[in-house]
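Work through the exercises below with the structure open. Try each task before you read its solution.

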Amino acid sequence: NRTLDKVKKKALSLCRNIYKGFSPTLASEKLFERDKIKVSRELLRTWFIKEHIAYASRKARPHRNWRERKTHYGWMVQADGSHHDWFEGRGPWCVLMGQIDDATSKVSAEFHGYEGTLPFMASFKSYIGAKGIPLSVYIDRHTTYKSNGKPTIEDELENREPLTQVGRALEELGVDVIFAHSAQAKGRVERLFRTFQDRLVKEMRLRKINTIEDGNRFLKEYLPVYNKRFAVPAAKAADLHRPLPKSTDLNRTLCVKTGRVLRNDFTVA
């Protein structure tokens, strides 16, 4: 069962150059997928140690009480943005706006130039177009999502908190907003970004992808494969995503709306 020396030599040469920095697991996958060299991850790990080939390894995480997943697909979506050097200096720093279903871990994501109102709305519009409207969204307290402003007189009369443009749009769509009190609370999407900062970055390196446009085209190819491999079945079969009503124009909901006062001469600024 011993691996031939020439196979070992070629595999290690690829891991020192083309797959530099790849973990044994990912390197094993790429060697088989791209070079038709079948080497188990454990054997690669042994070779890496003996040959002093550096690779990123997972750190032990502190024990936490895990919240059980929601039971239905579409019940709750965790959403966030990840700021990172996704193109490893070949292109601009950007943000991956991602959504992960809490019940199944199915992922949807897009690259944008920054994290803000319009990027969130654009990525959420893509999510709705592909899957439907979820019942709730779990997000952090970034000022894009949660307003820190003082309530207006109208807000006080209606006994509600002031809303950001994102909060207003989600309310119009009938999506409940749940705010996380810490990054650990929405751990599923945080772990997703850590995985993508390793796997996705290296996949794009191999494809020589260096622009946001090319990155988004690659995601349309990459995410279905990723979801097929890593998604899990929901505890209950029903899909709680709602179809978009025919009377609803997403472009008139997922946009920035500002109030204006009608002047005495019947004009609006």
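The exercises cover a sheet and some salt bridges in this predicted model.

**Exercise 1.** Find the order of the strands in the open sheet of five strands, and name the edge strands.

*Solution.*
- Step 1: Read across the sheet; the order is β4-β3-β2-β5-β6.
- Step 2: Check the pairing, which is mixed.
- Step 3: Look for strands that pair on one side only; these are β4 (107-112) and β6 (176-179).
- Step 4: Take β2 (residues 76-84) and β5 (residues 136-139), which pair in the parallel sense over three bridges. In β5, S136 is the bridge partner of M76.

**Exercise 2.** Decide which parts of the chain the salt bridge between R188 and D102 ties together, and whether each residue is buried or exposed.

*Solution.*
- Step 1: Find the closest N and O atoms of R188 and D102; they are 3.3 Å apart.
- Step 2: Place the residues. R188 sits in helix α7 (residues 187-207) and D102 in the loop between β3 and β4, so the bridge ties together parts 86 residues apart in sequence.
- Step 3: Apply the cut-off: buried means under 20% relative accessible area. R188 has 12%, so R188 is buried. D102 has 0%, so D102 is buried too.

**Exercise 3.** Work out how D214 and R217 are separated in helix α8.

*Solution.*
- Step 1: Note the salt bridge between their side chains, at 2.2 Å from N to O.
- Step 2: Count along the helix. D214 and R217 are three residues apart, so about one helical turn separates them.
- Step 3: Compare accessibility. D214 is partly exposed at 28%, whereas R217 is exposed at 52%.

How values were computed. Residues numbered from 1 in each chain as written. Predicted model: local features only at pLDDT ≥ 70, side-chain atom pairs only at ≥ 80, totals over all residues. Heavy atoms only, no water. Pairing = 2+ DSSP bridges. Helix = DSSP H or I, 4+ residues; strand = E, 2+ residues; numbered from the N terminus. Salt bridge = Lys/Arg side-chain N within 4 Å of Asp/Glu carboxyl O. Buried < 20%, exposed > 50% of the residue type's maximum accessible area, 1.4 Å probe, protein only.
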